[in-house]
Amino acid sequence: MDKQEKSGIPESDARPVLEGPDIARVLTRIAHEIVERAKGADDVVLLGIPTRGVFLAQRLAAKLEEITDRKIPVGSLDITMYRDDLRMHPPRALARTEIPADGIDGRLVVLVDDVLFSGRTIRAALDALNDIGRPRAVQLAVLVDRGHRELPIRADYVGKNLPTSLRETVKVQLAEEDGRDTVLLGAKPAAPGEQQ
């Protein structure tokens, strides 16, 4: 998720745009789309971008296993050191990169993230992938695409297109991290000294 998305929004000021059943439904749809486009998902590897992208990748892997009756390799890809905003923000803890045992060379890698915004997180993920191996192809699955791209990046699989203004923020909550599944849309908190 892009840094701009991590700002908290008071839940009282936010409205849910997806709830638990909606999230489960869109992940099922994305899993079917992956199987269809990959012609069976034989060489698919899912890599989640920490934090919530990892949980979404694990859920997608489970749904793909239900559809294909085969175990789908799933891992995580930390992009912290590849971000172009490192010097503009306080240091952040490194997450884990876990690549499945068979690697990614010659495989179809599906990057999984929660929110697609500027595209900079995905650019960093592509740079990180480049240092790990050479996939046959790379695709992108996101739970929410909120627009406002700064780079020519688009998702192959989208749970929900959610047009937003730059004065709004999208917050994804997942049970594994937050105790519940929901996507909230709310007003972006004003920066100190900024007038509303």
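In this predicted model, three strands make up an open sheet in which the order is β1-β8-β7 and the pairing is antiparallel. At its edges stand β1 and β7, each of which has a single partner strand, so one side of each is left without a neighbour in the sheet. From one strand to the next, the twist averages 20°. Four bridges link β1 and β8, which pair in the antiparallel sense; within this pairing, Arg15 stands opposite Leu185 in β8. Helix α1 packs on the sheet, where it touches β1 and β8, and the direction of α1 makes about 45° with that of β1.

Strand β8, which covers residues 182-187, includes Thr182. Thr182 has a relative accessible area of 1%, and because buried means under 20%, Thr182 counts as buried. The side chain of Thr182 has polar partners here. A polar atom of that side chain lies 3.1 Å from the backbone oxygen of Leu18, and the side chain of Thr182 also makes a polar contact with the side chain of Glu19, at 3.5 Å. When neighbours within four places in sequence are left aside, the residues in contact with Thr182 are Pro16, Leu18, Glu19, Ile23, Lys171, Val172 and Gln173. Of the elements that these residues belong to, β1 spans residues 15-19, α1 spans 20-37 and β7 spans 168-173.

A second sheet is also open and is formed by five strands in the order β3-β2-β4-β5-β6, with parallel pairing. Its edges are taken by β3 (74-76) and β6 (157-161); each has a single partner strand, so one side of each is left without a neighbour in the sheet. Neighbouring strands of this sheet are turned by 25° against each other on average, direction ignored.

The pairings can be followed across the sheet. β2 and β4 pair in the parallel sense over five bridges, and the bridge partner of Val45 in β4 is Val109. β4 and β5 run parallel and are joined by eight bridges, with Leu111 opposite Leu140 in β5. β5 in turn pairs with β6 in the parallel sense over four bridges, and the bridge partner of Asp145 in β6 is Asn161.

Two helices pack on this sheet. Helix α2 touches β2, β3, β4 and β5, and its direction makes about 130° with that of β4. Helix α3 touches β2, β4 and β5, and its direction makes about 155° with that of β4. As for β4 itself, nine of its nine residues are buried, so this strand is largely enclosed by the rest of the structure.

With a relative accessibility of 2%, Val142 counts as buried. Apart from neighbours within four places in sequence, Val142 is in contact with Ile30, Asp113, Asp114, Leu116, Ala155, Tyr157, Val158 and Gly159. The C-alpha atoms of Val142 and Ala57 are separated by 9.7 Å, although the two residues are 85 residues apart along the chain.

The nonpolar interior comes next. In soluble globular proteins, nonpolar side chains tend to be buried together. In this model, the largest nonpolar core has 34 residues, and those with the most contacts inside it are Val44, Leu46, Leu60, Val110, Leu143 and Val183. Two or more residues of this core come from each of β1, α1, β2 (44-48), α2 (52-68), β4 (108-116), β5 (137-145), β7 and β8. The most is given by α1, with seven residues.

Leu60 illustrates the contacts made within this region. Its neighbours within four places in sequence left aside, Leu60 is in contact with Leu27, Ile30, Ala31, Ile34, Leu46, Val112 and Ala141. Another core, of 19 residues, lies apart from the largest one; among its members are Ile49, Ile122, Ala124 and Ala125.

How values were computed
Residues are numbered from 1 along each chain as its sequence is written. This is a predicted model: local features need pLDDT of at least 70, side-chain atom pairs count only at pLDDT 80 or more; totals for chains, interfaces and linings use all residues. Side-chain values use heavy atoms; hydrogens and water are left out. Buried means under 20% relative accessible area, exposed over 50%, partly exposed in between (1.4 Å probe, protein chains only). A polar contact is a pair of N or O atoms within 3.5 Å; within protein, one must be able to donate a hydrogen and the other to accept it, and residues adjacent in sequence count only if both atoms are side-chain atoms. Contact means heavy atoms within 4.5 Å. A nonpolar core is a set of buried Ala, Val, Leu, Ile, Met, Phe, Trp, Tyr and Cys residues joined through side-chain atoms within 4.5 Å. Two strands pair if DSSP finds at least two bridges between them. Axes are lines fitted to C-alpha atoms, for helices over the stretch in contact, and angles run from 0 to 180 degrees between N-to-C directions.
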